[in-house]
Amino acid sequence: MATRQERNTPTKKKKLRKGRTIFTVILVLIVAIAGLGFYQYKSSLSAAQNDNQMKDFEFNGEKPEDVNDLNVLLIGSDSRGKDQGRSDSLLIAHYDTKSKKPKLVSIMRDTYVDIPGHGLNKINAAYSFGGPELVRQTIKENFGVNLEYYVVANFEGFPKIVDTLAPDGIEIDAEKDMSKNIEANIKAGKQKMDGETLLQYARFRHDAESDFGRVRRQQQVLTALKDQAQSIGTITKLPSLVGTMQGYTNTNVTTGMMLSIGKDFVLGKADDIEDFRLPVDGTYKGARTSHGAVLDIDVAANAKALQDFLKD
């Protein structure tokens, strides 16, 4: 008569073999998914780099005082190849890695400031004079904020990034009819926009609000892109999206950091983006200078307002 131990041994062996088999299948699936993701990333990166002619930049970033803070200078450029031009959009993305709290600062391009080595001028001229490094110095000198990272995005690549993120389009509630001086005929109301139409919507400024309305729409577009990035379907697109974004931008943000922050957004850990605009209401006036129409600002008041916003 078999002992209890002898009767149980075959069953235990079967369970062990079954457990090893399941583990092996899971391991193979993980390796396959990782391999596919890497292939998608490299393919997208290569295609974007071949299409993009953006030059390399110098950038001597400085760490914010709070070790948990990330400050990224975002520059939108419509330059062609080596023709750098002025920055068309200028923003600061702030992210608290501890609280997972993102903030976005839009700087009006006609803001009249002292550009190191060049005197008073519109802040968007700093990019033309010295690329993102001079923009960083200008923001530090006028507003007292350290910027550690930068991203220069060419508007030629923006539609491709959007179409990779959302092949069926991004839903936007258009504020008004728009067609003047843009390559689109946009009607007011909710609609889905492809990448090119979304770019034209974000850049429109030929109405009574001028750049003020454009800055508001840019923030609206970025919020819509963030909402799309948090959708479940985006997870499978992350490798292609990261590759496309890197290929159409010039940046010192590492792939690891991009994936880490992106994970917080996709998995819903980051709160809604808090928006801010420079100059703040009541701290500027319109003026005419040798550089054309500008926003003559109270520099000290705006510096304090920006620093307070980033600290809250």
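Which backbone oxygen lies 3.0 Å from a polar atom of the side chain of Asn142? It is that of Asp114, a pair that falls under the polar contact cut-off (N or O atoms within 3.5 Å; within protein, one must be able to donate a hydrogen and the other to accept it, and residues adjacent in sequence count only if both atoms are side-chain atoms). The model is a predicted one, with local features needing pLDDT of at least 70 and side-chain atom pairs counted only at pLDDT 80 or more, while totals for chains, interfaces and linings use all residues. Residues are numbered from 1 along each chain as its sequence is written, and side-chain values use heavy atoms, leaving out hydrogens and water.

Asn142 sits in helix H2 (residues 125-143); helices (H or I, at least four residues) and strands (E, at least two) are DSSP runs, numbered from the N terminus. With a relative accessible area of 9%, Asn142 is buried (buried is under 20%, exposed over 50%, partly exposed in between; 1.4 Å probe, protein chains only). Leaving aside residues up to four places away in sequence, Asn142 is in contact with Val113, Asp114, Val299 and Ala303, contact meaning heavy atoms within 4.5 Å.

Beyond four places in sequence, the contacts of Ile139 include Leu73, Ile92, Ile107 and Ile123.

Asn302, Ala303, Leu306, Phe309 and Leu310 are its buried residues. They cover an arc of only 135 degrees around the axis, so they lie on the same side of H8; the arc is that of the directions from the helix axis to the C-beta atoms. The face turned away carries the exposed Ala300, Lys304 and Lys311. Cover for the buried residues of H8 includes H2 and strands E2 (89-96), E3 (101-107), E10 (274-278) and E12 (292-297). At the start of H8, a side-chain oxygen of Asp298 comes within 3.3 Å of the backbone nitrogen of Ala300.

As for charged pairs, the structure holds 18 salt bridges (a side-chain nitrogen of Lys or Arg within 4 Å of a carboxyl oxygen of Asp or Glu). Glu62 pairs with Arg136, with the closest N and O atoms 2.8 Å apart. The two are 74 residues apart, Glu62 in the loop between helix H1 (4-51) and strand E1 (69-77) and Arg136 in H2. Glu62 is partly exposed at 30%, whereas Arg136 is buried at 7%.

Glu175 and Arg217 meet in another salt bridge (3.0 Å, N to O). Glu175 lies in the loop between strands E7 (170-174) and E8 (189-193) and Arg217 in helix H5 (residues 211-229), so this pair ties together parts 42 residues apart in sequence. Glu175 is partly exposed at 32%, while Arg217 is buried at 0%. Through shared partners, salt bridges join Glu175, Lys176, Asp207, Glu209, Arg216 and Arg217 into one network.
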